[in-house]
Amino acid sequence: SGFNSIGHMDTMSGGRHQIGHYKEGEEFIQNVFQVLSQILTGKEKSNLAICWLQYEISKVIQCLQAKKKKKLKAQGRKSKKLAKNFLKASDNRNNLSLWKLYAYLEWLLGNTDDSRKVFDTALCTAGTGGLKSAQLCSLSLLYAQLEVELLETMEGAVSSRAVHILTKLAENGPYVPYSGQVSPVNVLKARKTYERALQDYLSQTADSDQDQVNDTDQLVNLVACYALFQYLTVGIDAAVLIYTQASEKLEVSGSQKYENTGENFGILNFPTALEAVTLLHTNLLRFHMKISVYPLNPLREALTEALKRYPSNQSLWRSYIHIQRKSHCASKARRFFDSVTRSTNSLEPWLFAIQAEQMRKKLTEKVQRADVGEIHCTIPETGLTNRIVALFEHAVQSENGTHCPLLWRMYLNFMV
């Protein structure tokens with residue numbers, strides 16, 4: 001029944017029925033997973049299980065966004081059954097990535113206590129890899145991040161469950177579930193351990209060749225765990241300092257590789273690590289602003305710097321639009337969008353510039369039509385309309401824009 005039956009394709013109108021998967025497409029995807037799981041073995045089968053569970057989680061998140069409670073319940077039951085079946089398989093029992101996804105699924109479904117039990121079980125059985133184990137770091141980081149999101153203020157954060165998780169990770173011993181308090185001595189020891197581990201990693205990164213730097217993920221996890229630990233035990237400035245140090249070191253490593261080899265290793269080797277560190281940095285600032293009073297400028301500066309370097313990162317653009325909505329002066333954001341679109345071929349800056357203007361238009365119209373029902377304002381807001389049309393015109397003339405169906409659909413939709 002047409003191309004849009006595969007997977008899901010959001011409609012432009014943003015109506016109530018926009019989120020969901022088409023029946024035929026869903027059957028097709030489930031069949032692909034079923035067939036592949038019978039063919040693959042070993043590591044590949046585990047990787048397939050991870051992909052499958054991530055896909056199920058994406059559907060749960062869609063139900064949450066659409067606020068469809070009935071559908072969420074049914075989807076949750078199906079996804080949990082699948083996750084449990086995966087973990088029953090003998091190959092997957094010690095697969096921390098699967099345990100992590102299962103715990104995250106429980107958390108999303110609102111079963112916080114069950115999720116904690118899953119996290120604790122996984123950490124207890126994971127052994128004592130400590131900061132050297134990438135999977136253990138990743139698991140502890142997600143657990144701590146989810147716990148931090150439950151905090152309403154920073155008071156008492158030092159003795160929170162998140163600090164306990166991050167302290168135990170640094171201790172490199174067997175994990176013990178949280179009992180209600182964290183010893184200050186252990187916190188001090190953990191800080192020293194984190195500091196040493198990060199210094200070792202960064203110096204190794206600076207000295208080694210590309211072949212030896214095999215795990216940039218591990219570096220990102222380590223930086224994130226240490227920064228979150230500092231945030232909870234010292235404060236936001238201490239956390240920002242770690243992100244800044246790590247970013248500077250990674251930039252230097254990238255440019256050194258470039259000088260030594262004549263090839264731009266800064267682009268090949270570290271962009272993923274540097275980009276991920278930047279994203280964590282901006283997300284932490286956003287979270288901190290949500291739960292306490294903090295100036296907007298550090299976040300705005302961090303985002304503008306990051307977007308100049310990574311103009312196609314959608315998460316960074318979303319954060320940028322989110323903070324710009326709060327300011328009533330549009331000219332600064334417009335100048336920034338203009339400078340980025342001139343200096344890059346990627347299409348994201350155009351799409352987000354258009355989205356920002358459309359949000360502004362919606363807001364203006366809402367204010368103008370307040371308490372008048374459907375009677376349209378006598379002086380229509382044509383300035384923004386003309387600006388949006390001009391943006392569309394420029395975007396579809398760019399090399400990538402010409403071949404982007406989404407952009408054309410948005411343009412047609414706006415003109416209608």
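Analyst: To begin with a term, a residue is called buried when its relative accessible area is under 20%, exposed when it is over 50%, and partly exposed in between, using a 1.4 Å probe and protein chains only. The model is a predicted one, in which local features need pLDDT of at least 70 and side-chain atom pairs count only at pLDDT 80 or more, while totals for chains, interfaces and linings use all residues. Residues are numbered from 1 along each chain as its sequence is written, and side-chain values use heavy atoms, with hydrogens and water left out.

User: How many helices and strands are there in the protein?
Analyst: Helices (H or I, at least four residues) and strands (E, at least two) are taken as DSSP runs and numbered from the N terminus. Of the 416 residues of the protein, 44% count as buried. Counting the elements gives 19 helices and zero strands.

User: What percentage of the contacts between residues at least 6 apart in sequence join residues at least 24 apart?
Analyst: Contact here means heavy atoms within 4.5 Å. Among contacts in the protein between residues at least 6 apart in sequence, the share that joins residues at least 24 apart is 58%.

User: Is Thr278 buried or exposed?
Analyst: Thr278 is found in helix H12, which covers residues 271–291. Leaving aside neighbours within four places in sequence, Thr278 is in contact with Ala306 and Tyr310. Because its relative accessible area is 12%, Thr278 counts as buried.

User: Which residues does Ser138 touch, not counting those up to four places away in sequence?
Analyst: Ser138 has its place in helix H6 and is buried, with a relative accessible area of 17%. Once residues up to four places away in sequence are set aside, Ser138 touches Lys100 and Asn221.

User: How do H6 and H7 run relative to each other, roughly parallel or roughly antiparallel?
Analyst: Helix H6 (residues 134–149) packs with helix H7 (residues 161–171) at an angle of about 165°, their axes being 8 Å apart. Axes are lines fitted to C-alpha atoms, for helices over the stretch in contact, and angles run from 0 to 180 degrees between N-to-C directions. Angles under 35 degrees count as roughly parallel, over 145 as roughly antiparallel, 65 to 115 as roughly perpendicular, and the rest as oblique. The angle therefore makes H6 and H7 roughly antiparallel.

User: How do the residues of the contact of H6 with H7 divide by class?
Analyst: On the H6 side, Leu136, Cys137, Ser140, Tyr143, Ala144, Glu147 and Val148 take part, and they meet Arg161, Ala162, Ile165, Leu166 and Leu169 in H7. Ala, Val, Leu, Ile, Met, Phe, Trp, Tyr, Cys and Pro count as nonpolar, Asp, Glu, Lys and Arg as charged, and the others, Gly among them, as polar. The residues of this contact divide into nine nonpolar, one polar and two charged.

User: How far apart are the C-alpha atoms of Val158 and Thr233?
Analyst: Val158 lies in the loop between H6 and H7 and is partly exposed, with a relative accessible area of 41%. Not counting residues up to four places away in sequence, Val158 touches Val163, Val182, Leu232 and Thr233. Although Val158 and Thr233 are 75 residues apart along the chain, their C-alpha atoms are separated by 5.0 Å.

User: What is the class count for the contact of H3 with H4?
Analyst: Helix H3 (residues 69–88) and helix H4 (residues 96–108) pack at an angle of about 155°, with axes 10 Å apart, which means that H3 is roughly antiparallel to H4. The contact is formed by Ser79, Lys80, Ala83, Lys84, Phe86 and Leu87 of H3 together with Leu98, Trp99, Tyr102, Leu105 and Glu106 of H4. By class, the contact has seven nonpolar, one polar and three charged residues.

User: What is the phi of Lys67?
Analyst: Most residues other than glycine have a negative phi. Lys67 lies in the loop between helix H2 (42–66) and H3 and is exposed, with a relative accessible area of 72%. Lys67, a residue other than glycine, has a positive phi, near 55°.

User: Which exposed residues does H19 carry on the face turned away from its buried side?
Analyst: In helix H19 (residues 405–415), Leu407, Met410, Tyr411 and Phe414 are buried. These residues cover an arc of only 100° around the axis, so they are on the same side of H19, the arc being that of the directions from the helix axis to the C-beta atoms. The face turned away from that buried side carries the exposed residues Pro405 and Leu412.
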